[in-house]
Amino acid sequence: MKTFAALVFATLFLAGCSAETPKTEADSVTVREAWIKSVDTGMTSAFAEIQNTGTEQIRVVSAQTSASPMMELHEIVASADGSMVMKPKEGGFAVAGEETKVLQAGGDHLMLMDVSSPLTPGSDADITLTLEDGSTTSFTAQVREFAGAQENYGG
């Protein structure tokens, strides 16, 4: 009887050890092709490809970097007069399972506000994304010269 009890205990113990720890949204995120438009001061944009390698949707809800005291998630939309303006993206960026969200000039992007020191081509900046479940993922973005992305800020 002792042998049987020991066998049951060992089986339950090993089963408990093999249980997966809960994954966070950040465990399913890979960021590629990240870069920031160079700027002396003021506002600029960051772009990247955010890949969700998991099967469930994830949502990016905020971003931060030491290169800027404030970052916002932005989208480009048509204003009442038909011009294209950028504004904060309500609810953040959703990335479906096994999909990639492309942040690009003229579309969804990360906005660095109140930049006070130059971001010069060839330098790097670290960016941290916060996901809906509170987990985070960080990546490095290279600063590049870029003449595009001259959108108007729509508030």
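Me: Is W35 buried or exposed?
Reply: W35 is buried, at a relative accessible area of 13%. Buried means under 20% relative accessible area, exposed means over 50%, and partly exposed is in between (1.4 Å probe, protein chains only).

Me: Okay, and what kind of model is this?
Reply: This is a predicted model, where local features need pLDDT of at least 70, side-chain atom pairs count only at pLDDT 80 or more, and totals for chains, interfaces and linings use all residues. Residues are numbered from 1 along each chain as its sequence is written, and side-chain values use heavy atoms, with hydrogens and water left out.

Me: How many aromatic pairs are there?
Reply: Two aromatic pairs. Rings of Phe, Tyr and Trp (its six-membered ring) pair if their centres lie within 6.5 Å; planes under 30 degrees apart are stacked, over 60 edge-to-face, and the rest tilted.

Me: Why is the pair of W35 and F47 tilted?
Reply: Their ring centres are 4.7 Å apart and the planes sit at 45 degrees, so the pair is tilted. F47 is buried, too.

Me: What about W35 and F146?
Reply: That pair is edge-to-face, with 5.1 Å centre to centre and 75 degrees between the planes. F146 is partly exposed, at 31% relative accessibility. W35, F47 and F146 form one aromatic cluster.

Me: New topic: what's up with phi at E33?
Reply: E33 isn't a glycine, yet its phi is positive, about 50 degrees. Most residues other than glycine have a negative phi. E33 is exposed, with 54% relative accessibility.

Me: And what is phi at D114?
Reply: Near 55 degrees, a positive value in a residue other than glycine. D114 counts as exposed at 52% relative accessibility.
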